[in-house]
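Morning, everyone. Let's get the structure up on the screen and walk through it.

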Amino acid sequence: MIMKKTILAIFAIATSSFAMAQSFNADSYKSVGVYDTWEQSPFRTGELSGNVKVIKNHLYSSTGVNRTGHIVGVQRSRFGSNTFGVRIDLNTPVEIGRNGKYVHALVYTPKASKVQIIGLGKRNSNTWNQPDDVEQFWSEPVSISANTWKDIVVNVKTNENDRIYSIVVVPDCSSPHALTEDFVAYVDEIVINSTSSSRSSVTSSSDPYDSSEPDDPEPEDPDEEEGIYGLNFDKTRTNTRTRDHYIRGISLTSANGQKQQYPSSGSNSALTTNLYLDATAVATFDVTAGETYTPDIDYSTDWMHAYTYIDYNRDGYFTYEMRPSGNAVTDDSELVSFSAYSSDYTGGATGNWYDSKGNSLGNMAQGNYNCNTTTMPSFTIPSTLQSGLYRMRLKIDWCSLDAGGNDGSDGTSNEIWSNGGGIVDIMLQVTGREEATLHATSYRNGTMSDNAGTTITTQLQQVTRDTEYKVKMHPANGFVTESLTAIYKKNSSDHSGYLVNDTTVLTTSDACYSYIDDSFTLPAEIMYAEVAVEPMFNNRPATMLLGDANGDGKVDISDVTTTIDWILKSDETEFTGNFVLRNADVSADDKIDISDVTGIIDIVLGREE
């Protein structure tokens, strides 16, 4: 069955005379995952799950620092904050105390970075039901070199009543704004004890290296192609029943009778000799949000069932939701229509059958065979759907809501390949809401607003699609604007209809930044579907370079031009939070006017002399 998978890694904890020793083998476990101290991190809100897995130690060397059998790998995400790391939940909580202990961890990263250790736990004596994942200590970051194992050693202290339930290893404790792509870091052999010296090498008796162990085990079903728009069989698998069971074409008919079909001229022969056809490059139907359509699959026999899916959220998966009755799909289900399904079918002439609208098709055990049909009911495109390209899947199968095809897991031996079924993917060009959504991921040391002065919050707001969008920065007292990170959705180049995340970091040196009103203009090409913006404000410089209006560290004729632009373009000459422009106020009267232009010219001429 096709589904989104969350990987839980297994590890063991061995206790001894010191506080804790951690090797990553499969004898016993709690769990591992990712963690971010930033409360609005997509890994804290649930938007992203993070990639973590315990794997064979492919970095093993008999003469190297790390000689254990398994390590934990974590994908350092560019969407996490500077404290994004791998979280290791302990079987038994440990005590640190006011006298402190030393935490050791072997860490390997492909780039030079700073590593931090964080302890999560709770106060054992509290009476207010504190959860066991409250941050109890943070170590000082430790610098490591690239592509080499290093034993990180940090000294930490906690309250006497604190118990540590989880250890977080941050492999890259630095701002993610300059991180253009993810990378994988590795962690192993975490120890908490009273020893401050680092380890030159580690060999684990509880987790020895085994060269005969495969690096990556085979999937449970080698025929299964899971993942983005996955199938429950190899996509090149042939249809062995093309003599009598095959798809000739597909169509979509609007409420007013306008029919779109593929192939456009119709056909009496099979579309393909395979079970699956990816026709997304050659077949696109035009639809309008809010309108009703009836799908159809031209199939060589009626004794099968038909199903239609649309990936409305463009996340690469076809998910469905049934009404409480269990016999009909909800209005926003991505399984939009099906001809027949029975939740109590056990094979043969059994089951109570319904179509996607909940209409009863009878019970075969009572001699009613109306369920042997590929005729699907109509459905309505959600009126709120954004304009754009969406993937549509049409499937011939027997009693299976799984978009990947019946794999026989229901025990009835009705595999899609045995019954001569088939799957065809095409594209829908939706004309709908010409808007994108925008929101802030967080606020730290300042806020943002749109061009009308409305604060940009973490709540979604509608913005005009494919149109430039101005974000005004409002640093808090003592801070200045440094950059604006935009995380946005765009169409995947590998999977039609699938939206992937991309990131752009805008700085005050970019052409899209305006010192006039301390704003960034997001380019139209990223305002396609969903955009999340995160401001970065830094401490205000302690000193000023009088006359340096553009903040480039020198005073020359460009500063004269910058100051004149400010006077001509600004609605008012008072400052709007842009600290750099204060350098232009050479007359020190808290405004910028022609006297400051003259003053900067004097500085330039004086310096040239």
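Let me start with a question: is E189 buried or exposed? Keep in mind that this is a predicted model. E189 is buried, because its relative accessible area is 8%, and the cut-off for buried is under 20%. E189 belongs to strand β13, residues 183-193. Now look at its backbone. Phi is near 45°, a positive value, and the residue is not a glycine. Most residues other than glycine have a negative phi.

N147 also has a positive phi, about 55°, and is not a glycine either. N147 sits in the loop between β10 (142-144) and β11 (150-156). Its relative accessibility is 47%, so N147 counts as partly exposed.

One more backbone point. The peptide bond between Y262 and P263 is cis, with omega about 0°. Most peptide bonds are trans. P263 lies in the loop that links β15 (259-262) and β16 (276-278).

Next, R78. Find the loop between β5 (70-76) and β6 (85-94). R78 is in that loop, and R78 is buried, at 18% relative accessible area. What does its side chain make a polar contact with? The side chain of D182, at 2.9 Å. Setting aside neighbours within four places in sequence, the contacts of R78 include P176, L179, T180 and E181, and also N501 and T503.

The largest nonpolar core has 37 residues. Those with the most contacts inside it are I310, W353, F379, I381, I426 and L428. Elements giving two or more residues to this core include β14 (247-254), β19 (305-310) and β25 (422-431). Apart from it lies another core, of 36 residues, with I152, F183, V187 and I192 among them.

Back to F379 for a moment. Not counting residues up to four places away in sequence, F379 touches, among others, L252, Y293, I310, V336 and M392.

Last, a sheet. Five strands form an open sheet, in the order β28-β26-β34-β30-β31, with mixed pairing. Which strands stand at the edges? β28 (461-464) and β31 (499-507), each with a single partner strand, so one side of each is left without a neighbour in the sheet. The twist averages 30° from one strand to the next.

Zoom in on β30, residues 479-491. β30 and β31 run antiparallel, joined by 9 bridges. Pick out Y488: its bridge partner in β31 is D502.

That's my tour. Over to you.

Key
Residues are numbered from 1 along each chain as its sequence is written. This is a predicted model: local features need pLDDT of at least 70, side-chain atom pairs count only at pLDDT 80 or more; totals for chains, interfaces and linings use all residues. Side-chain values use heavy atoms; hydrogens and water are left out. Helices (H or I, at least four residues) and strands (E, at least two) are DSSP runs, numbered from the N terminus. Buried means under 20% relative accessible area, exposed over 50%, partly exposed in between (1.4 Å probe, protein chains only). A polar contact is a pair of N or O atoms within 3.5 Å; within protein, one must be able to donate a hydrogen and the other to accept it, and residues adjacent in sequence count only if both atoms are side-chain atoms. Contact means heavy atoms within 4.5 Å. A nonpolar core is a set of buried Ala, Val, Leu, Ile, Met, Phe, Trp, Tyr and Cys residues joined through side-chain atoms within 4.5 Å. Two strands pair if DSSP finds at least two bridges between them. Axes are lines fitted to C-alpha atoms, for helices over the stretch in contact, and angles run from 0 to 180 degrees between N-to-C directions.
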